[in-house]
Amino acid sequence: MSVATSHVETRPPVPPFTHETAELKVRLAEDGWNSRDPEKVALAYTPDSRWRNRAEFANGRPEIIAFLTRKWARELDYRLIKEVWAFGGNRIAVRFAYEWHDDSGNWFRSYGNENWEFDADGLIAPAARQHQRPAHRRGRSPVLVAAGSAPDDHPGLSDLRL
């Protein structure tokens, strides 16, 4: 399937996840990333996915492929380990560590976590991220900016659509 194709393929396992299917989904993602094949990795994400890696943004599969191509051109012998941290419904949280070296032989290790949300076809869907004008920022809510304990009836992140 070409990246430009509008056809969406199903990427089993699909939600809702069990412990076993969440572990399988994470292992498949780990294997894909360790292939260091940007087109293969991009196919695990919806065509409209949006990524942020530090100060760099990628919108859509073509930009994801370009990002990963640049990444793996400088991060040599990249090797990743992922594991399930938590799961429920159509979401999986993972912990990861990866190592790589530069062209001078200097080795690096990074750690982190990711929160994935999947569509019905088993593709990782984009996070609901959008630019906010100051008057529309949810952070202006006293719940998000006040110091100390929040009120017992404060809205959760899902309630705020975050």
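Visitor: How many residues lie between strand 3 and strand 4 in their hairpin, and which residue in the turn has a positive phi?

Guide: The hairpin of strand 3 and strand 4 has two residues between the strands, and Gly-89 in the turn has a positive phi of about 60°. Helices (H or I, at least four residues) and strands (E, at least two) are DSSP runs numbered from the N terminus. The model is predicted, with local features needing pLDDT of at least 70 and side-chain atom pairs pLDDT 80 or more, while totals for chains, interfaces and linings use all residues. Residues are numbered from 1 along each chain as its sequence is written, and side-chain values use heavy atoms, without hydrogens and water.

Visitor: What is the order of the elements from the N terminus on?

Guide: The elements run α-α-β-β-α-β-β-β-α, which comes to four helices and five strands.

Visitor: How do you know that strand 3 and strand 4 pair?

Guide: Two strands pair if DSSP finds at least two bridges between them. Strand 3 and strand 4 have ten bridges, so they pair, and the sense is antiparallel. Strand 4 (residues 91-101) and strand 5 (residues 107-117) have eleven bridges, so they too meet the criterion, again in the antiparallel sense. Phe-96 in strand 4 is the bridge partner of Lys-82 and also stands opposite Gly-112 in strand 5. Trp-100 stands opposite Phe-108 in strand 5. The hairpin of strand 4 and strand 5 has five residues between the strands, and Gly-105 has a positive phi near 90°.

Visitor: Why is Lys-82 called buried?

Guide: Buried means under 20% relative accessible area, exposed over 50%, and partly exposed in between (1.4 Å probe, protein chains only). Lys-82 has 8% relative accessibility, so this residue counts as buried. Lys-82 is found in strand 3 (residues 76-88). Buried residues make up 30% of the 162 residues in the protein.

Visitor: What makes the link between the side chains of Lys-82 and Glu-114 a polar contact?

Guide: A polar contact is a pair of N or O atoms within 3.5 Å; within protein, one must be able to donate a hydrogen and the other to accept it, and residues adjacent in sequence count only if both atoms are side-chain atoms. The side chains of Lys-82 and Glu-114 are joined at 2.8 Å, so the distance is within the limit. Lys-82 also touches, among others, Val-26, Trp-33 and Trp-116, where touching is contact between heavy atoms within 4.5 Å.

Visitor: Why does Asp-102 count as buried?

Guide: Asp-102 has 17% relative accessibility, which is under the cut-off, and therefore counts as buried. Its place is in the loop between strand 4 and strand 5. A polar atom of the Asp-102 side chain lies 2.9 Å from the backbone nitrogen of Asn-106. Not counting residues up to four places away in sequence, Asp-102 touches Arg-74, Leu-76 and Phe-108.

Visitor: Why is Asn-34 called buried?

Guide: Asn-34 has 12% relative accessibility, so the residue falls under the cut-off and counts as buried. Asn-34 is found in helix 1 (residues 19-34). Its side chain reaches the backbone nitrogen of Leu-80 at 2.7 Å. Beyond residues up to four places away in sequence, Asn-34 touches Tyr-78, Arg-79 and Leu-80.

Visitor: How confident is the predictor, as given by the mean pLDDT of the protein?

Guide: On the scale of pLDDT, the predictor's confidence in each residue from 0 to 100, the mean is 85, and 80% of the residues reach 70 or more. Over residues 1-6 the pLDDT is below 50, and this stretch has eight contacts beyond near neighbours in sequence. The pLDDT also stays under 50 over residues 128-132.
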